[in-house]
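Please read this report alongside the sequence and the model.

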Amino acid sequence: MDRSKISTPTLRCFVETGPDHLCINVFSSVLPSEVDMSSPLMYGTPSSRVEGTPRSGVGGTPARQRPDLGSIRKAPQVDLHSEPPSADGAVASEQALGQKLVIWGTDVNVGTCKEKFQRFLQRFIDPTSNEDENAGLDLNEPLYMQKLEEISVVGEPVLNVNCSHVQSFDADLYRQLISYPQEVIPTFDMAVNELFFERFPDSILEHQIQVRPYNALKTRNMRSLNPEDIDQMITISGMVIRTSQLIPEMQEAFFQCQVCAFSTRVEVDRGRIAEPAVCRNCNTTHSLALIHNRSAFSDKQMIKVQESPDDMPAGQTPHTTIVYAHNDLVDKVQPGDRINITGIYRAVPMRENPRQSNVKSVYKTHIDVIHFRKTDEKRLHGLDEDSDQKLFTEERVQILKELASKPDVYDRLSSALAPSIYEHEDIKKGILLQLFGGTRKDFSQTGRGNFRAEVNILLCGDPGTSKSQLLQYVFNLVPRGQYTSGKGSSAVGLTAYVMKDPETKQLVLQTGALVLSDNGICCIDEFDKMSDSTRSVLHEVMEQQTLSIAKAGIICQLNARTSVLAAANPVESQWNPKKTTIENIQLPHTLLSRFDLIFLMLDPQDEAYDRRLAHHLVALYYQSEEQIEEEFLDMAVLKDYIAYARTYINPRLNEEASQALIEAYVDMRKIGSGRGMVSAYPRQLESLIRLAEAHAKVRFSDKVETIDVEEAKRLQREALKQSATDPRTGFVDISILTTGMSATARKRKEEVAQALKKMIQSKGKTPAMKYQQLFDDLRGQSEAAITKDMFEEALRALADEDYLTVTGKTVRLL
Amino acid sequence: MPSSHDWINKPLGVVEAMFAQSNSNPEWEAKVLEYFKGQLKEKESHSWVPSLNDVPLHYLKPNSLVKFRCLVQDMFDPEFYMGVYETVDPSTKANVLRCGKYKDVTECGVDLNSRNTVTAERQTFYCVPIPGESPWAKEISFLSAARVVPSTSYVPSRQKRSYEEDDDDMDTQPQKQREPHTEPHGNGDSKRQETEAPSSQTTTPSDCSSHLDLNFPLPGERGPACLVKVYEGLDSFKLNDTLEIYGILSVNPVLTVLGEEKDPSLLLLNPTESMETPEEQRAHDPPASLVPRLHMLYARPLQHNNPLLPSAPTEDQSAFVSSFLVEMASVRAELLAYLTHVLLGDGLAAEYLLLHLISDVYTRRDVLPLGKFTLNLSGCPLNSYTERLYQIVQQLVPCSYRLSMSLHTMNSMRLVPKKDYVANRLVSGALQLARNTSLFLDETQLEQGQLDSSGVRNITALGNLISWQKVDYDFSYHQMEFPCNINVLVTSEGRSLLPSDCQVPLQPQVTPPNMEEYLTTIHMAQFTSQINKFRVYLSLARTLDYSISDEVTKAVEDDFVDMRKDDPQSVTAEDLHRMLVVARLLSLSLGQTTLSRDGWMRAKHIDMLRRSRTEQQKSLNGNEP
């Protein structure tokens, strides 16, 4: 139902063409009395009308009322009509006339304002534009003229205008737009229509073009709205929490005299209709009756928007605001959407009740929407570096840049990270690089898809080494962080599940922690306690960065470009230094190899460390207020620093750095090859690149240089030294992580199998042997201690060779 | 009535006079606040103001100054109102400017189009009495306020009858009950009301709550809820703050009528009205007789709600503190003896309980709350011992709540507050508590069975509360973290399933044949004055400052290194954390504001005793089949 007008019984035949095609021309230049006389003609569908008399130009296209602006006509402007006659000559004369006239209560001169806006449309060029809306447009041509062309092709009569463009073009015009949107926007409409039909005189639109400004620079936090903003244009951001049913709102009341059948129309003014007391035709008093089905209605929807959690002060509850959407903006948003709303802030006094002498002195406030912009829409497809629309003030950027130019910025930041946790410098550095992340690379054209830019880190170590605390800190630091515990989460809780919406009874996809932390960090505590099925969903996320879901008929792939920061405890509650990482935490090596850095957080058990730790902790408990203040500032700066770097810095490798990376990789491969084992895989090279990029980001540098590679190498070496050292030999052996077994262990396994085979062969032809006896014999023969596990493994190896089979307690030769 | 008390009886008169003098100079607003602040600063003057907590709403004069000790349960959206508006005087036909501040309704005949109208902003807080306030705290503050009651004169005998009428009416004709309150009450015998007021307080609201959910955090709570209109310093208030609010009481029946009257034909034309769901209307505009409006003039954040302590941080408080410090050690000894009896002769457990009762999250380092001291008393005898223990704790602290962790309550109870978007309010949960509330988790009630998903959520919430001192409120689309400061005491049979800072297995030295009788006798043996001393002691010890000198720091460090040398496995950083907290609490409990070497050694000593006990128990458990 779109501004439909339901005709009286005599006109019913027109109604049946469908409400969407009904087009009533109320606000065109025709006078109301004419409308009435010619009403049968006016009810034609646009198509039928085109066939009859082709319409074009400003006059031919019906204007559509803009309930979002309130009643335009009311502006008490004696000399000027906000809706001018269509003839071009009239406009010119009016301009001459209107030079000195302004709309009452404002400083807006319609003629000048229109001229300025037309000039803006014709001349504005924004070569640096990177908005996705402008994709496919020539950036060196006037932007909005191209958009008008688009309108003429597509036929959608809406022109979105970025207010920052207006501001940069004409600050005064911008000020007027912000201060008097109710008057200025209709003027813009007028201007754009004249321009459009001048240029495309033959184009046919459903109604006249409407200008929808957005991104008013006075972007406001919902909290900062105050009485001064009433009737001004504002842009606020928030999250939709509720939408109402469609409400038909009366725009114009149709009255008919019961005596002489004279009819008149009265426009609704601020929710009220001034019922005419006397019929103008026959002078009968109180004879006019409202005819509902000839009155004009428009669509309206109430939307409740809540402050987004990011820009709220701590310890307070979020505010909500009522927003009204009109006409085609109805049903554009759903609960849960994060949106930017541009609209006019209104305050309506509570109605006066004639039966009541005194009234509540409270106003009801709402926003009439002019423009919606979903902020999370783009997250579903493609890259979105600008989705975090975090605005940095000039001074802030200056502070950040100053910090970045310091030579020790890397150390500074890493020590600002979780100051309450003692030492573990390298781990903090690793996490710092994780917070910054690498550069996104898109190879989908060549078929390899996206390269992962996110750094994944696993912390393992003794219980009580403040792993959880570190996770909590990171979770609190990043805007889009999620914290889950392996114990309490299920596979669906991490990915997504389908549930029935209690209100709409439809199946909806509810996203889990990994999807919610897209572009953020997902902190998973007690990683080892996670069930295998839950852990298996991580495989896809941690390498492909997507999540595939096939549930209840919903098949989709969601982006989950999240960094994983996981913490795991050793299986035996205490870390066993005699065992490898895999043996200690019992995680599948397929998963472990997806972590860029694996750190051990061990209790070093050395006196100097203990002393420093004690000092640190005691200081924690009695540090003065100011020192605490200082640190809080640090956390805010750190947050902004990371956000800024993530948004604006995209470092690329330079030549030297690439060479350094190649060398590093070759070196790593070399280390192992001497001992017959592989010490590096391409995955290590990839993570080396990511770390180097992240380190360049820390420096706010657009180039990845050798120092970045050096640090990445150092960090990776440190992590490997901790986690991939073969406890038997003391060498770093990457295969511990990639295949779950060190090369020496594999070698030993082979030796045992060979020894067993030899022993069996030496026994001569005995087709069957007792399992236990064989084991005892082998143990007696071997110099090294042979465990039952090793024995069984050897048996299995021989069985694989088809040398023997094991059935129950007997071993048979084949 | 002395004329000087006009500011209590007719505060709006004062406001209006100042407004009239001001000639629309906006400074008058600051002057008003200054005036009331000045009046309240005067000695004892704040005790002349009747309190909504103590006096039933019917007895309070509308538009008089009242105070309210409360917790900010929810913060509604800011609203715009007519700060200044113009009316036409019917007799002189002249336009008069009027002030709309501190009022809910305007005078008749507002000129809505006047250019002189000033729109201003205010915010509404939904406030409830401090959840879990102990009966003794209520009683004492009631008695201390009782002498001001005559100023709010009312007729007890007649009033008594009208209660009964009210109660009857409520079932049949809910509209009618509002009428009596707006009528001015005559004078009467004030002695009787004092005794009757508390009883009326307990009956009336509990009946009302069946009609209207007043959204108290804890089940079974009573008392008035209040919509507080806040005009200044909106940012300084936070959810869950405890405040003493001085404001103008507004119970204008118009407020209710406006809300209920609904003309369907008008709704079509004024859609703003139809936007509010009935639930929302009920939550935001409840009848004024049930949820009065309070226009805030002055608010004082409460550090504690112990009526025995001077509440304002003034000179008399520091004098009070220094005079009490002398007694501190002796009171501590008495309290320790008392608690030892209560804990069946277990001195060590009593010591730890005492430390727990004065613990406080005094600061946070990034995510880490410092100073929290969650105690797990394991090995508690079954059969209502824990219930009795709670009653004794309740007698000592001003705010407490016992959460019986039975399977049923864990599965069905709402612990975490949740935003209800239909009614647009924060539906409270049992973990929405004021600072320093003692939360007594009774795990002995837990039986075998399965926790459902809400039960698991509740347990997780409790775990988060204990580990991080925060509660994640459920905002449906996201969660929001609210830091809290709640003393959690867990009583359990074995080791608790919840985390805790410190576990003390109870080792009863006596086994009384009749537990109830035993504990009742102990409790009865204490004089009220003695108990009051304990109460003051516990609240006071918490507020003391504390520091560690460099010298002691060094000693502690050395000690730690030595301990690690002997047995690196058993002493971890976590142990040092705990011992530092124990040392702090131990010093404070003795009234010492710095850590001494002895204090440290003592802390180490009792921690060692405790550990040997837990280890002993571990080995015992290990031997079990």
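## Two crossing helices

In this predicted model, helix α14 (residues 347-357) of chain B and helix α21 (residues 573-589) of chain B have axes that come within 9 Å and cross at roughly 85°, the axes being lines fitted to C-alpha atoms over the stretch in contact, with angles running from 0 to 180 degrees between N-to-C directions. That angle makes α14(B) roughly perpendicular to α21(B), a term that covers 65 to 115 degrees.

The contact (heavy atoms within 4.5 Å) is made by B:Glu351, B:Tyr352, B:Leu354 and B:Leu355 on the side of α14(B), and by B:Val582, B:Leu585, B:Leu586 and B:Ser589 on the side of α21(B).

## Chain A as a whole

Chain A has 29 helices and 26 strands, where helices (H or I, at least four residues) and strands (E, at least two) are DSSP runs numbered from the N terminus. Of the 814 residues in chain A, 52% are buried, meaning under 20% relative accessible area with a 1.4 Å probe, protein chains only. Among the contacts in chain A with a separation of 6 or more, 67% join residues 24 or more positions apart.

## Helix α7 of chain A

The 14 residues of helix α7 (residues 110-123) of chain A should span 20 Å at 1.5 Å a residue, and this agrees with its end C-alpha atoms, which are 20 Å apart; the expected span is 1.5 Å times one less than the number of residues. Buried residues of α7(A) include A:Val110, A:Cys113, A:Phe117 and A:Leu121.

## Conventions

Residues are numbered from 1 along each chain as its sequence is written, and chains are lettered from A and ligands numbered from 1 in the order in which they are written. Local features need pLDDT of at least 70, side-chain atom pairs count only at pLDDT 80 or more, and totals for chains, interfaces and linings use all residues, while side-chain values use heavy atoms, with hydrogens and water left out.

Conventions
Buried means under 20% relative accessible area, exposed over 50%, partly exposed in between (1.4 Å probe, protein chains only). Angles under 35 degrees count as roughly parallel, over 145 as roughly antiparallel, 65 to 115 as roughly perpendicular and the rest as oblique.
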